[in-house]
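Colleague: Please take a close look at one part of this model, the sheet and its surroundings. Walk me through it in one go.

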Amino acid sequence: MRDVDRVAIEAYGLSLLQMMEQAGRGLTRETFALANGGSVVVLAGGGGNGGGGLACARHLANRSYPVTVVLDREPAALSGVVAAQHELLERMGIPIRTDVTALETPALVVDALVGYGLEGPLRGLTREFVQWAENAETTVLSLDVPSGIDATTGAEPGDAVHPARTFTLALPKTGLRDTTGELVLGDISIPSGVYETIGIPYTPPFGHEFSVRLTIT
Ligand SMILES: NC(=O)C1=CN([C@@H]2O[C@H](COP(=O)(O)OP(=O)(O)OC[C@H]3O[C@@H](n4cnc5c(N)ncnc54)[C@H](O)[C@@H]3O)[C@@H](O)[C@H]2O)[C@@H](O)CC1
Ligand SMILES: [K+]
């Protein structure tokens, strides 16, 4: 997947922001049925995964969902497109915090802390937020890969999210094979030629939709 993103960017000029926006929009579609008009807490990390979550928060706020964003680091530590997503939310007046203390249990938690960039067991605030989400008796929707789960092997080196649904991007990651929740694959408009370049056999699975439900057999 790392190669897919790299070739899409380097050989085709698809930008990270273009992909992130599609990830965030697709993710938002999943939240509608799961939150059913109720409150949403978006847990966001500092990488590409977090950026998708921040874009989702924007769509939810635009639809008057009560949405709270919880970042696993100080905003000043963000950079690039993720910082830009954050800045936008700030200008919209969306509540952004960096702790889950005394946070009311929402109708839905969106887990956008870590995707395929996981390195070792979850640490610090990220770990604390994951523990909070695991203990909160509510529905959890993960973006791309449940945070704390190795996208390639499915291993859980430490704490991890166990969501009701995962909205995974472009390709189903091998580490999702044993997932117990529902799996939805989202289109982020990777040109088919990218898969050819990398040597991944690929038949576009989306038809006339932008997401498809996957069944693991
Ligand atoms: N790279 C791309 O081109 C795209 C990436 N997207 C999303 O971005 C993800 C990949 O982005 P990144 O490569 O930035 O990586 P991630 O966002 O998956 O993870 C990196 C972040 O996680 C933190 N992190 C890693 N291991 C940790 C640990 N053990 N404890 C606490 N924090 C930890 C790092 O500090 C960093 O902030 C994908 O899974 C996908 O969801 C999408 O937005 C679409 C395009
Ligand atoms: K995640």
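Modeller: UniProt, in an unreviewed entry, annotates residues 1–196 as "domain: YjeF N-terminal". Such positions follow the numbering used here, feature names are shortened, and annotations may be inferred rather than shown by experiment. The model is predicted: local features need pLDDT of at least 70, side-chain atom pairs count only at pLDDT 80 or more, and totals for chains, interfaces and linings use all residues. Residues are numbered from 1 along each chain as its sequence is written, while chains are lettered from A and ligands numbered from 1 in the order in which they are written.

The span 1–196 is 39% helix and 16% strand, and its end C-alpha atoms lie 13 Å apart. Helices (H or I, at least four residues) and strands (E, at least two) are DSSP runs, numbered from the N terminus.

Now the sheet. Two strands pair if DSSP finds at least two bridges between them.

Move along to S6 (165–169) and S7 (182–186). They pair in the parallel sense over five bridges. Phe 167 stands opposite Val 184 in S7. Leu 169 has Gly 186 of S7 as its bridge partner. S7 and S8 run antiparallel, joined by four bridges. There, Leu 183 has Leu 214 of S8 as its bridge partner.

Back to H3, and the ligand. H3 (48–62) and H2 (16–35) each supply at least two residues of the shell around ligand 1. The largest share, five residues, comes from H3. Of the 29 residues around ligand 1, Asp 5, Gly 47, Gly 48, Gly 115 and Gly 117 come nearest. A residue counts if its C-beta atom, placed from the backbone, lies within 6 Å.

Asn 49 also lies in H3. The unreviewed UniProt entry lists Asn 49, Asp 111 and Ser 147 under "binding site". They are spread over 99 residues of sequence, yet cluster in space, with a largest C-alpha distance of 9.4 Å.

Last, H2. Just after this helix, Asn 36 takes a positive phi of about 50°.
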